[in-house]
Number of protein chains: 2
Amino acid sequence: MPVTISDVARAAGVSKSTVSRVLNTGAEVDVATAARVREVIAGLGYVPRSGAVGLARGSSRTIGMFTPSLTWPWMGEVLQGVADTVEAAGYGMLLHTSGGGPRSMAHFTAQVSARAFDGLLVIVPEDSLGAVTEMRRRGMPVVLIDDHGHPRPGLPHVATTNRAGGAAAAARLLASGRRRPLVITGPPRFGCVRERLDGFASVLPASLVLDGEFTEETGRRAVERALAQGVAFDAVFAHNDLIAAGALRALRASGRAVPDDVAVVGFDDLPMARHTEPALTTVRQPMREMGRAAARLLLSGLGGAALPDEPLVIPTELVVRDSA
Amino acid sequence: MPVTISDVARAAGVSKSTVSRVLNTGAEVDVATAARVREVIAGLGYVPRSGAVGLARGSSRTIGMFTPSLTWPWMGEVLQGVADTVEAAGYGMLLHTSGGGPRSMAHFTAQVSARAFDGLLVIVPEDSLGAVTEMRRRGMPVVLIDDHGHPRPGLPHVATTNRAGGAAAAARLLASGRRRPLVITGPPRFGCVRERLDGFASVLPASLVLDGEFTEETGRRAVERALAQGVAFDAVFAHNDLIAAGALRALRASGRAVPDDVAVVGFDDLPMARHTEPALTTVRQPMREMGRAAARLLLSGLGGAALPDEPLVIPTELVVRDSA
DNA sequence: CTGAAAGCGCTTACAG
DNA sequence: CTGAAAGCGCTTACAG
């Protein structure tokens, strides 16, 4: 039922080779013949079966995207950046999650072996780095999107400036006269936590550092604890916006005015950062740009370019709103 | 370099047919032979090339997912529901956006014609319904995920209970003694807006209905206007959580206490609903469940089942927090 | 139970 | 400039 290259060839009175040529190379075909073939193609609405093309050419014009979760607040931004870039290049994007546990991981590895895609984009998962390294070793082009600031020797990746971001937050607080910041971080095992901490401390020494998860609850609890302990602080640097939102809530509950009594700076610039009370000043992570850059890098690799050993770094940016 | 079915056949001393049989049907193969073949497969780490299998079988074991945007707040939930279901069935998921304008739309239609996937899941886009209908007419199995409450004759789709959701919001307000609700809606052209309005009015007549976009600004402006006009209201029913967030902000700015002076109910149950001040009571849209149901429906269709004409409806649920 | 052969729908040297 | 043929890596009747 669906029209094939043979139908086109027959209708145009040429061979399949010729149809294929006008479809692909374009050159080395008589102008008049090519025009006729193109007419037939348009008339019949012929589109080559991507599976057949892939088999014949040995590539699928598809990239894989592998992510631990699709529901993280900034994931949509990354995906949009990747999708835009990949689609503009005429590639498809096969999406996978590791969220389903070992079973989904197995399904994914099988797809890799099945060469369902030409290259792979990975949001660094905490646990599957080994599997990813192995895929790369077997010849699958891989680019990581690193949100955790871990060194990835031998794996091309795009990262952001966690250190500079921390420093920018500190500079902002310093400029408004703050001297005793409370810093609330995510899990210390993450490289990004250490980098943000370092950058911050290089500008403004922290009065107190509390760590926890990247959650609102961590922010609320940390502020409550600091308050209960009688720690004096005039600012909060939260390692992400959820923590910042929790901190804001605890501060308001305790009657502190933001930013007058305590200034607050977050990290990420999630959409919700506009809607906190007051609107959150935060260090923007360029997630969409990182997605775009990673996709571009991978596509250039598929095009034959050597993938760089150095991480591609997209800078953070301080977004000033009302909380600091 | 990558191992093929011929390599396996040679190593096991059987024909490709036999290898294929143990891989697929499993039956009609001598137990000992099958065991030997399986050993070789494991030893060589053989995985059939999905492109070749697809070509030979005429199907790709992949579904397409088409969405207007990846950055909508609830999109991650839908995608996660789809991904979980599809992966569990051993299918891949090819993701496309129409966000890139006519160009990305063209790229997508081409993929459809290229039979890059066996079936299609679509988040109803405002403008591309025609294209989708056409794809269906040409034999592509399609299931819509309808967030806008439009009737879709002839297109299988999953929807939610906008009407019942509106009624539940009204019932909640009524139960706490509210009698003069301000209703702030999204664009009236959307079916969901009318349904939510209907459901609400069937329980509690609105004092005033203002429409706008599904944005925080609409919520803020609407409340400010109502206040400026001196309209008396003791409750707000916002047609989504962003509008509700804007309403909360404007109420606070005007010194109204929530819920004491004015109770507020939203719609969606975005993650941010937990973080508003006070935490938002809202009507939950079951986006992940809708994604799951749509995927299941499509997969059963690919399995040969007839796709239902009736929409598959997943109910909303009132989530009670502090704002009402 | 098993193999040889044809076929899926393309691309790409190889001849001419 | 163009066509016949082989090949991409599988599956699946068809014989036996």
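How many residues surround DNA strand D, and which of them are the closest?

Modeller: Happy to take you through it. This is a predicted model, where local features need pLDDT of at least 70, side-chain atom pairs count only at pLDDT 80 or more, and totals for chains, interfaces and linings use all residues. Residues are numbered from 1 along each chain as its sequence is written, while chains are lettered from A and ligands numbered from 1 in the order in which they are written.

DNA strand D is surrounded by 26 residues, and the closest are Ser17(A), Asp30(A), Ile5(B), Ser20(B) and Ala56(B). A residue is near the strand if its C-beta atom, placed from the backbone, lies within 6 Å of it. Helix H2 (16-23) and helix H4 (50-57) of chain A, together with helix H2 (16-23) and helix H4 (50-57) of chain B, are the elements that give two or more residues to this surface. Helices (H or I, at least four residues) and strands (E, at least two) are DSSP runs, numbered from the N terminus. By class, the surface has 11 nonpolar, 8 polar and 7 charged residues. Here Ala, Val, Leu, Ile, Met, Phe, Trp, Tyr, Cys and Pro count as nonpolar, Asp, Glu, Lys and Arg as charged, and the others, Gly among them, as polar.

H4 of chain A also leads us to the other chain. The contact takes 47 residues from chain A and 47 residues from chain B, a contact being two residues whose C-beta atoms, placed from the backbone, lie within 7 Å. On the side of chain A that touches chain B, two or more residues each come from H4, H5, strand S2 (92-97), helix H6 (102-113) and helix H11 (241-253) of chain A. H5(A) gives the most, with 9 residues. That side has 20 nonpolar, 18 polar and 9 charged residues.

The axes of helix H5 (residues 75-88) and helix H12 (residues 287-302) of chain A come within 7 Å and cross at roughly 35°. Axes are lines fitted to C-alpha atoms, for helices over the stretch in contact, and angles run from 0 to 180 degrees between N-to-C directions. Among the residues that meet are Val78(A) and Val82(A) in H5(A), and Met287(A) and Ala294(A) in H12(A). By class, this contact has 8 nonpolar, 4 polar and 6 charged residues.
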